[in-house]
Amino acid sequence: MTERTDHADERAIADNYGRPDLERTILDAYENAGMDTTRLTRDDTAALDEFHIQGRDATRALADLAELRPGDRVLDVGSGIGGPARTLAAEFDCRVTGIDLVEEYCRVAETLTERLGLEDRVSVRRGNAVDLPFDDGAFDVVWLQHVSMNVAEKGRLADELHRVLRPGGRLAVHEVCAGPGGSPQFPVPWADDPSISFLTTAEELSRLLADAGFEELEWVDATDDSLEWFRSRLEAMAARPADAPPPLGLNLLMGPETPTKMQNVVRNLEDERIAVVRGVVEKSAQR
Ligand SMILES: C[S@@+](CC[C@H](N)C(=O)[O-])C[C@H]1O[C@@H](n2cnc3c(N)ncnc32)[C@H](O)[C@@H]1O
């Protein structure tokens with residue numbers, strides 16, 4: 001296996017997502033809005049902690065598609081600040097381990113998980129998706145939601161996702177892919193420029209997963225739904241009064257360029273420069 005867990009990429013990805021004092025920024029924003037941060041609810045954090053298209057609804061839809069069961073051991077690869085992991089724990093009664101490249105995200109994930117009282121069911125550690133620090137067959141379900149865009153070594157990623165699943169386990173995928181319309185416009189939420197954006201087509205992603213040993217159960221093009229959702233989000237942003245306090249949403253993660261990043265995603269979807277796929281694949285039950 002070629003060794004290219006590129007530390008330059010790791011740093012650049014951490015720079016894209018990490019913000020100095022992110023935890024303090026989030027807690028201050030909640031406190032300034034009059035919320036008691038010692039008694040947060042999952043509804044309080046919903047607009048912020050699911051860092052993907054269609055938010056918590058998409059997590060629920062993917063969990064249904066993957067037929068998650070109570071007690072499933074789930075690995076959330078690229079777990080961000082932990083929203084999907086907490087949804088799978090709180091609503092689907094799963095035991096979730098998150099792993100993410102960005103130290104600050106892991107710290108925020110731990111804090112929010114603790115404040116939401118889910119630390120008995122959700123844990124998070126820092127690490128790289130292409131070099132997972134887990135035993136073979138350790139999980140019933142592996143979860144990959146809006147992560148592969150930053151991973152250059154997709155074959156190695158697919159092999160790792162396959163390795164850590166038990167025989168008969170499922171991989172749930174919700175990913176942004178390349179479309180036929182050419183290179184995307186930057187900045188976008190996952191990259192300020194092309195240097196850390198490694199998009200592949202949905203067909204290529206499907207082939208890479210098959211090559212790693214997965215059998216496809218579901219593979220759905222979610223591009224049109226995604227565009228509709230993004231347009232409604234942009235309309236809601238435009239309708240906010242100019243003197244309204246800043247929203248307690250993904251803008252806290254994406255920073256001042258949030259409107260440009262969102263507009264670029266809409267333009268990229270409209271121009272078919274990007275596509276969105278939702279799928280479930282299974283590791284053969286044969287040992
Ligand atoms: C757009 S966010 C999605 C976060 C989360 N999956 C969610 O849906 O809320 C992408 C995440 O993938 C993480 N990531 C990117 N490349 C990674 C890698 N090679 N290993 C682990 N995490 C990675 C980033 O740090 C970031 O937290």
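Predicted model: local features only at pLDDT ≥ 70, side-chain atom pairs only at ≥ 80, totals over all residues.
Me: How far apart are N and O where the side chains of E50 and R56 meet?
Reply: The two residues are both buried. Side chains of opposite charge can pair when their charged atoms come close. E50 and R56 meet in a salt bridge, with an N to O distance of 3.8 Å.

Me: How many salt bridges does the count give?
Reply: The rule asks for a side-chain nitrogen of Lys or Arg within 4 Å of a carboxyl oxygen of Asp or Glu. The E50 and R56 pair, at 3.8 Å, is one that meets it. The count by this rule is 21.

Me: How many residues apart are the salt-bridged R126 and E10?
Reply: The side chains of R126 and E10 meet at 3.9 Å, N to O. R126 sits in strand β3 (residues 122-126) and E10 in helix α1 (residues 7-17), so the link joins distant parts of the chain. Their separation in residues is 116.

Me: What distance separates the closest N and O atoms of R86 and D49?
Reply: R86 and D49 form a salt bridge. R86 belongs to helix α5 (residues 83-92) and D49 to helix α3 (residues 42-49), so the pair ties together parts 37 residues apart in sequence. Both residues are buried. The closest N and O atoms are apart by 2.9 Å.

Me: How far from C94 is the nearest cysteine sulfur?
Reply: C94 is in no disulfide. C94 is buried, because its relative accessibility is 0%. The nearest cysteine sulfur belongs to C106, at 20 Å.

Me: Which residue brings a side-chain N or O atom to 2.9 Å from a ligand nitrogen?
Reply: A polar backbone atom of F51 is 2.8 Å from a ligand oxygen. A polar backbone atom of L101 is 3.3 Å from a ligand nitrogen. The side-chain N or O atom at 2.9 Å from a ligand nitrogen belongs to N128.

Me: How much of the ligand's own accessible area does the protein cover?
Reply: On its own, the ligand has 590 Å² of accessible area.

Me: Which residue's side chain makes a polar contact of 2.6 Å with that of D36?
Reply: D36 lies in the loop between α2 (22-32) and α3. D36 is partly exposed, because its relative accessibility is 39%. The polar contact of 2.6 Å joins its side chain to that of T38.

Me: Which residue does a cis peptide bond join to P187?
Reply: Most peptide bonds are trans. P187 lies in the loop between β5 (165-178) and α8 (202-212). Its cis bond has an omega of about 0°. The residue joined to P187 is F186.

Me: What is the phi of E67?
Reply: Most residues other than glycine have a negative phi. E67, in the loop between α4 (55-65) and β1 (73-77), has a positive one. E67 is exposed, because its relative accessible area is 56%. Its phi is near 55°.

Me: What is the phi of D93?
Reply: D93 is found in the loop between α5 and β2 (95-100). D93 is partly exposed, because its relative accessible area is 36%. Its phi is positive, near 60°.

Key: Residues numbered from 1 in each chain as written. Heavy atoms only, no water. Disulfide = S-S within 2.5 Å. Buried < 20%, exposed > 50% of the residue type's maximum accessible area, 1.4 Å probe, protein only. Polar contact = N/O pair within 3.5 Å; in protein donor to acceptor, adjacent residues only side chain to side chain. Areas by Shrake-Rupley, 256 points an atom, 1.4 Å probe, with all protein chains shown as cover. Helix = DSSP H or I, 4+ residues; strand = E, 2+ residues; numbered from the N terminus.
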